[in-house]
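Thank you all for coming. Please have a look at the sequence and the structure on the screen, and then I will walk you through a few places in it.

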Amino acid sequence: MLNCERIVADADRLLADELGAWERLRVRAHLLMCHHCRRYVRQLRLLVGALAGWHGKANPEQVKKIMDIARRGG
Amino acid sequence: MDRSTPETLNLLEALRREKDPTFAGLVERHHAKLLAVARSYLKDGEAEEAVQEAWISAYKAIDNFEGRSSIQTWLIRIVINEAKMRLRKAGREPTVSLSSVDSDAMAGRFKENGSWREPPVRWDFSSPDELLQERNLIDCIEKTLTSLPVNQRCVMELRDMDGLEFEDICNVLDLSASNVRVLLHRARTQLFAMVENYQETGQC
């Protein structure tokens, strides 16, 4: 059976949905039994989800400034 | 290989029809991301200059953009080239590689049999939105990102914040897929450990 250290190592591939069918089954079997690893995967997913919305849009002044510079060519 | 997506094809069409408003839309959507990529390599002021220069180059070259990669990947490549050129000119050769001193923050938390010795603590946040409402934690995450080695920060920026595919990250950073994965894992565990510490102590 997979141990917890291996689950943590494989968590990134699990989140990216890159595990093969057999690996995914083994990981899921471990997660069913181990609440520590379930917590690790759940919280890692949450953290990665927060990072996805990290950068907002540029404000209109910034856009205008960049457009002026770009049109002038420097 | 033609990797043009419907989104990219629509963008190309819009650029042909109305270059300036479409380009302004790109600036609005991508400027903050590009600035963060540049900051992986350069200090704040230099990074802003590099991104401005990259926008000038992009504006000049956008008529030749064929859509073989996503516009985001194309822009990121321009920014990284500009940042690396500035580092080379300053005699600070950029290195995006694996380093033995960049450790895995989870490495010491297991027993010999691979089970948890120091299991993860429970966080109070139940969604990304809840986490993003915690101002002090956001500052701590920013601080941790800044303290990451350039290689880890860059990979995390491109993958987790900008959503690039692994293949594109490998191409843009000229790294192998296995190196990119190791760097991402190290960056994520570093950040994970900091959030845990924040949860327990209220500090970074």
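This is a predicted model: local features need pLDDT of at least 70, side-chain atom pairs count only at pLDDT 80 or more; totals for chains, interfaces and linings use all residues.

A:Asp17 sits in the loop between helix 1 and helix 2 (21-33) of chain A, where helices (H or I, at least four residues) are DSSP runs numbered from the N terminus. Its phi is near 60°, a positive value in a residue other than glycine. A:Asp17 counts as exposed because it has 7 C-beta neighbours inside 10 Å; a residue is exposed if 12 or fewer other C-beta atoms, placed from the backbone, lie within 10 Å of its own, buried if 20 or more do, and partly exposed in between.

Residues are numbered from 1 along each chain as its sequence is written, and chains are lettered from A and ligands numbered from 1 in the order in which they are written.

In chain B, B:Asp174 lies in the loop between helix 8 (166-173) and helix 9 (177-201), and although B:Asp174 is not a glycine, its phi is positive, at about 55°. With 10 C-beta neighbours inside 10 Å, B:Asp174 counts as exposed.

Let me finish with the contact between the chains, to which chain A brings 32 residues and chain B 39 residues, two residues being in contact if their C-beta atoms, placed from the backbone, lie within 7 Å. On the side of chain A that touches chain B, the elements giving two or more residues are helix 1 (4-15), helix 3 (35-52) and helix 4 (60-72), and helix 3 of chain A gives the most, with twelve residues.
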